[in-house]
Amino acid sequence: MKKTLLITGGIGYIGSHGVVAFETAWYETVIVDNLCNSSIQTLYGMEAILGYRPKFYEGDIRNTELLTQIFESHTFDGVIHFAGLKAVGESCEQPLLYHDNNVKGSLELFKCMQRYQVKKIVFSSSATVYHPGNLIPFTEESRVGGTTNPYGTTKLILEQMLEDLALHAGFQVMNLRYFNPVGAHESGKIWENPQGIPNNLLPYILKVWGGELPQVSVFGDDYDTIDGTGVRDYIDVVDLIAGHVRAYERMDDSRWKFTSYNLGVGRGISVLEMISLVEKVVGKKIPYIITERRRGDIGEVYCSPEKARGELGWKSETSIETSLKNSWNYYVANS
Ligand code: NAD
Ligand code: WQD
């Protein structure tokens with residue numbers, strides 16, 4: 001019999017890829033999402049890929065009544081928890097919104113899980129939990145803490161909460177720390193298309209390509225990196241999600257309690273390299289200017305994905321060119 005999973009935030013960028021991958025891997029998924037940063041069109045995109053519409057509850061994970069109704073209506077084997085707000089700048093302007101949405105929302109979810117004896121969870125954490133002073137590459141043993149924004153702090157708090165639940169309440173937790181997700185499902189039917197001015201580099205570059213924004217601002221060219229611009233570890237979202245399926249399957253073994261994994265490629269790409277890679281894919285020059293460093297940024301971040309490779313048998317497989325091409329396909333089809 002198929003196992004049923006609750007997918008919080010399943011209409012979002014990463015969550016929608018998660019729904020498609022878990023459904024394809026023979027799980028039944030049930031989505032809860034309040035659409036605060038996503039569009040119902042993504043549900044139809046998933047329907048087009050799968051040939052049927054996944055089960056969807058529109059609502060907020062802070063709503064205990066709704067969560068109770070969902071847990072009463074389904075027998076879950078586990079939860080894949082993507083729901084959360086993720087804009088670093090916004091979190092500095094509205095810290096309480098982030099603590100309320102991310103921490104309180106997750107707390108309500110964990111309470112409901114405990115009440116219904118659903119104890120397996122895959123959690124979307126982030127590279128942002130690592131202390132900025134660490135040497136690169138970041139490993140799972142690198143120091144965490146010293147977060148520079150409330151968003152990162154909420155992720156750290158939730159990691160600690162989940163570790164407590166694993167140690168003292170029988171939870172099994174796969175804590176996945178994503179580096180910089182890019183790319184899209186090859187169908188071009190699901191991706192993210194942030195409204196307004198995007199924070200992240202790739203959506204910004206594509207909006208410049210599409211003429212929605214005049215030029216890319218490159219935030220600093222005086223870092224100690226290959227060309228002075230910021231270097232990040234860009235991981236394809238479909239590969240990232242394959243890591244979730246592997247991690248979930250590992251929890252069949254109940255000895256697995258709380259484990260953190262870096263999900264990244266293990267290689268850095270600079271902002272100028274990224275612009276030039278996109279130019280090759282789209283066949284057009286992308287205008288850019290060099291500006292001041294962005295507050296809170298660090299020069300170079302990439303991970304060692306060796307632990308996930310050794311223990312989950314997972315590694316990234318998609319080339320950056322393919323990731324960029326898939327994102328571009330989506331952008332062209334949907335703008
Ligand atoms: P996203 O905004 O596209 O998706 C998050 C989804 O959660 C959205 O559909 C949103 O509507 C929903 N949501 C938010 N708060 C909710 C609430 N209280 N109740 C119900 N639904 C709610 O973001 P994403 O890029 O898909 O990120 C998914 C997860 O991965 C997040 O937890 C994020 O912090 C984490 N993460 C993302 C990145 C990244 O760069 N995209 C990197 C590291 C970690
Ligand atoms: C990448 C590089 C910028 C935009 C953020 C969050 C992190 C995680 C992923 C959730 C940097 C440069 C960017 C632009 C630029 N999210 N840049 N011009 O900052 O590595 O990580 O998203 O967990 O928590 O902080 O990603 O895409 O914003 O930036 O020059 O217009 O591109 O300085 O070097 P970042 P990003």
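**Ligand shells and buried elements in a predicted model**

A polar side-chain atom of Lys86 lies 2.8 Å from an oxygen atom of ligand 1. The structure is a predicted model, in which local features need pLDDT of at least 70 and side-chain atom pairs count only at pLDDT 80 or more, whereas totals for chains, interfaces and linings use all residues. Residues are numbered from 1 along each chain as its sequence is written, chains are lettered from A and ligands numbered from 1 in the order in which they are written, and side-chain values use heavy atoms, with hydrogens and water left out.

A nitrogen atom of ligand 1 is 2.9 Å from an N or O atom in the side chain of Asn101, and an oxygen atom of ligand 1 is 2.6 Å from an N or O atom in the side chain of Tyr151. A polar contact is a pair of N or O atoms within 3.5 Å; within protein, one atom must be able to donate a hydrogen and the other to accept it, and residues adjacent in sequence count only if both atoms are side-chain atoms. On its own, ligand 1 has 820 Å² of accessible area, of which the protein covers 96%; accessible areas come from the Shrake-Rupley method with a 1.4 Å probe, and for residues only the protein chains shown count as cover.

The shell around ligand 1 holds 27 residues, and those that come nearest are Ile14, Asp33, Asn37, Ser38 and Tyr151. A residue is near a molecule or strand if one of its heavy atoms lies within 4 Å of it. By class, this shell has 12 nonpolar, 11 polar and 4 charged residues. In this classification Ala, Val, Leu, Ile, Met, Phe, Trp, Tyr, Cys and Pro count as nonpolar, Asp, Glu, Lys and Arg as charged, and the others, Gly among them, as polar. At least two shell residues each are supplied by helix 1 (13–24), strand 5 (120–126) and helix 6 (150–168), and strand 5 gives the most, with 3 residues. Helices (H or I, at least four residues) and strands (E, at least two) are DSSP runs, numbered from the N terminus.

Ligand 2 is surrounded by 18 residues, of which Ser126, Tyr151, Ser217, Arg232 and Asp297 are the closest. An oxygen atom of ligand 2 is 2.7 Å from an N or O atom in the side chain of Ser126. Backbone N or O atoms also approach oxygen atoms of ligand 2, at 3.4 Å for Asn199 and at 2.8 Å for Leu201. Taken alone, ligand 2 exposes 680 Å², and the protein buries 87% of that. Helix 7 and strand 8 (216–219) are the elements that give two or more residues to the shell around ligand 2, and the largest share, 3 residues, comes from strand 8. The shell around ligand 2 divides into 8 nonpolar, 7 polar and 3 charged residues.

Helix 6 has 19 residues and reaches 27 Å from its first C-alpha to its last, close to the 27 Å expected at 1.5 Å a residue; the expected span is 1.5 Å times one less than the number of residues. Among the buried residues of helix 6 are Tyr151, Lys155, Glu159 and Leu162, where buried means under 20% relative accessible area, exposed over 50% and partly exposed in between (1.4 Å probe, protein chains only). The cover of these buried residues includes helix 4 (88–93), helix 5 (95–115), strand 5, strand 6 (172–178) and strand 11 (258–263). Just after helix 6, Gly170 takes a positive phi of about 75°.

Glu159 counts as buried because its relative accessibility is 5%. A polar contact of 2.6 Å joins the side chains of Glu159 and Ser125. Apart from neighbours within four places in sequence, Glu159 is in contact (heavy atoms within 4.5 Å) with Phe123, Ser125, Val129, Asn175, Arg177 and Phe258.

In helix 11 (residues 320–334), the end C-alpha atoms are 21 Å apart, which agrees with the 21 Å that its 15 residues should span at 1.5 Å a residue. The buried residues of helix 11 pack against strand 7 (180–182), helix 7 (201–209), strand 10 (234–236), strand 12 (269–270) and helix 9 (271–282). Tyr331, in helix 11, is buried, with a relative accessible area of 2%. A polar contact of 2.4 Å joins the side chains of Tyr331 and Glu212.

Ile269 lies in strand 12 and is buried, with a relative accessible area of 5%. Leaving aside neighbours within four places in sequence, the contacts of Ile269 include Val231, Tyr234, Leu277 and Ile320.
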